[in-house]
Amino acid sequence: MKRILLKAVLLSLFVGLNTACEKDYLDINTDPNNPSEADINLTLPAGQAQVAFIVGGQLNILGGILSQYWSIPRGGNQFRTWDQYNITSSTLDGQGGQFANFYAGALQDFQYVINQGSQQNEWRMVGISKIMKAYGFGVLTDLYGDIPFSEALDADKTIIPKYDAQKDIYAGLQTLLDEAKTDIAKRQGRFPGTADMLYQAGNEAGMDRWVRLANTLKLKFYLRMSQVDPTAARTGVQALYAASGTAFMRTGESLQLVNGTVTNSENPLWQANFRSPNNLTASTTIGNLMQPNNDPRMPVFFLDADLRTPEIEYVFTPNGTTSTNTAVLSSYPGKYFIGQRFLNGAINGTAATSGVTTSDDNAAKARPVVFLAYEESLLLRAEAIARGWAGTTADDPAKLYNEAITASMTRFGVQPGDYLTKLGVDYTKQTDKIKAIITQKYLALYGLNGVEAWVEQRRTGFPAPTLPVVNLTGNRFMKRLPYVDSELQRNPSIAATGIAPGDVLTPVWWDVD
């Protein structure tokens with residue numbers, strides 16, 4: 001539908017240009033039923049939906065494998081190359097490629113709303129689009145480092161935009177978010193309502209949610225600089241707290257897109273698994289992290305390996321294992337995420353002994369794509385305070401930490417029990433507070449946002465990953481995604497980055513560990 005809409009817009013614009021001469025004399029070429037410009041109320045949700053499909057689908061799977069939530073089961077081959085670091089310039093490229101779809105699709109949609117809305121005083125939707133633009137560019141730069149930013153999205157100026165340094169992009173993201181808050185503060189233009197697929201902002205209270213989100217994103221981007229430029233990060237966080245206090249995301253304000261059970265409306269992770277079942281299984285890395293504390297989320301995150309016995313038997317798989325060296329049975333992602341769309345030997349998801357039903361499948365289809373979870377925002381605030389960067393805020397990092405864990409378990413339908421007081425979890429007993437916070441963020445993001453988990457793992461080193469058993473990087477960890485073929489072939493500006501084609505080992509700017 002989105003592609004049809006964009007083609008219609010382009011066709012209408014072409015017709016408009018070719019009839020401009022006649023418009024000065026007669027109005028017969030103006031068709032009120034076919035406007036030459038798309039209503040921004042239609043373009044905004046198109047961009048939001050595409051970001052959800054990209055972040056919640058292939059990037060969620062890729063990030064989940066690289067951050068070692070998932071490995072590959074015996075017989076599964078769809079993602080085995082990713083698990084062994086065989087990720088090339090063609091991996092996320094081509095028609096429907098995530099890199100191109102971000103630029104030519106979602107980001108272009110947001111820029112269209114910004115351009116048109118600024119002329120029409122539609123400042124509410126302009127502000128929302130600037131926040132979404134900052135979010136989208138944030139995802140891209142964290143994966144690739146230097147990318148087109150300042151000259152991107154304006155083909156009238158150049159079709160070979162320069163590659164901006166990631167440090168400059170991060171400054172630009174903060175500017176975008178500040179501009180968005182200023183735009184929303186004007187209180188002008190339509191409320192998007194249902195055209196806003198994420199918050200459905202239909203009044204000022206709804207717009208306030210976007211402002212709190214902007215503050216939360218600003219905090220996230222400042223903390224991303226914690227290792228490379230702690231002075232600038234601290235200054236930015238202190239200024240943010242001084243200006244905004246604790247005006248961050250509130251409970252129930254996770255930035256997420258609700259999915260459905262109708263064909264092509266399902267959660268993109270479910271869709272990917274539906275098309276290629278039996279291709280993901282639980283990684284030893286996360287299994288070894290959760291088992292010692294008997295994490296209550298384990299039955300939600302992972303399936304019983306044999307799907308038959310009353311007791312749950314978890315079997316985790318080391319990343320990079322070859323198919324022949326993988327156990328015959330292993331623990332697939334839980335039914336919360338993929339419903340009954342898995343295979344395990346002779347038992348499939350519809351077997352009565354598996355305990356997985358059609359209703360589980362429908363629930364998995366309708367799970368939201370999570371851009372930024374409320375529990376993640378609590379842990380961002382806990383980190384800022386733990387680093388001593390939040391000024392005189394009265395917030396207590398231990399309280400935020402416990403609330404985040406509880407919110408995560410609530411999302412997955414389990415109770416914390418005595419989990420918060422276990423030796424390996426209790427915040428007050430942790431000597432490395434940052435490690436404890438990031439570890440809980442890693443657990444909270446399982447299945448929801450694999451890219452964010454991989455980014456934070458690269459930034460902090462927590463939790464420590466294990467080199468894939470088989471890897472194509474000479475026993476070195478991947479540090480970035482390689483630039484895609486379409487950019488290598490069409491944009492000579494890429495040479496200025498100094499990153500060789502296929503390079504996945506050079507860290508991005510903020511990754512100094």
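In this predicted model, the buried residues of helix α4 are Leu59, Asn60, Ile61, Leu62, Gly63, Gly64, Ile65 and Leu66, where buried means under 20% relative accessible area, with exposed over 50% and partly exposed in between (1.4 Å probe, protein chains only). Because eight of the nine residues of α4 (residues 58–66) are buried, this helix is largely enclosed by the rest of the structure. Just after α4, Gln68 takes a positive phi of about 70 degrees.

Residues are numbered from 1 along each chain as its sequence is written. The model is predicted, so that local features need pLDDT of at least 70 and side-chain atom pairs count only at pLDDT 80 or more, while totals for chains, interfaces and linings use all residues; side-chain values use heavy atoms, with hydrogens and water left out.

**Chain overall**
- The secondary structure of the chain comes to 20 helices and eight strands, taken as DSSP runs numbered from the N terminus (helices H or I, at least four residues; strands E, at least two).
- Of the 513 residues of the chain, 57% count as buried.
- Among contacts (heavy atoms within 4.5 Å) between residues at least 6 apart in sequence, 74% join residues at least 24 apart.

- Leaving aside neighbours within four places in sequence, Trp210 is in contact with residues including Ile128, Ile131, Met132 and Leu255.

**Asp93**
- Asp93 lies in the loop between α5 (80–83) and α6 (98–119), and, leaving aside neighbours within four places in sequence, Asp93 is in contact with Val484, Asp485 and Ser486.
- The backbone nitrogen of Ser486 lies 2.6 Å from a polar atom of the Asp93 side chain.
- Asp93 is buried yet has no salt bridge, and the nearest side chain of opposite charge, Arg490, is 6.8 Å away; a salt bridge is a side-chain nitrogen of Lys or Arg within 4 Å of a carboxyl oxygen of Asp or Glu.

**Ser323**
- Ser323 has its place in the loop between α13 (298–301) and α14 (335–338), and a polar atom of the Ser323 side chain lies 3.1 Å from the backbone nitrogen of Gly75.
- Not counting residues up to four places away in sequence, Ser323 touches Arg74, Gly75 and Arg80.

Definitions and conventions. Lys, Arg positive; Asp, Glu negative; His and termini not counted. Polar contact = N/O pair within 3.5 Å; in protein donor to acceptor, adjacent residues only side chain to side chain.
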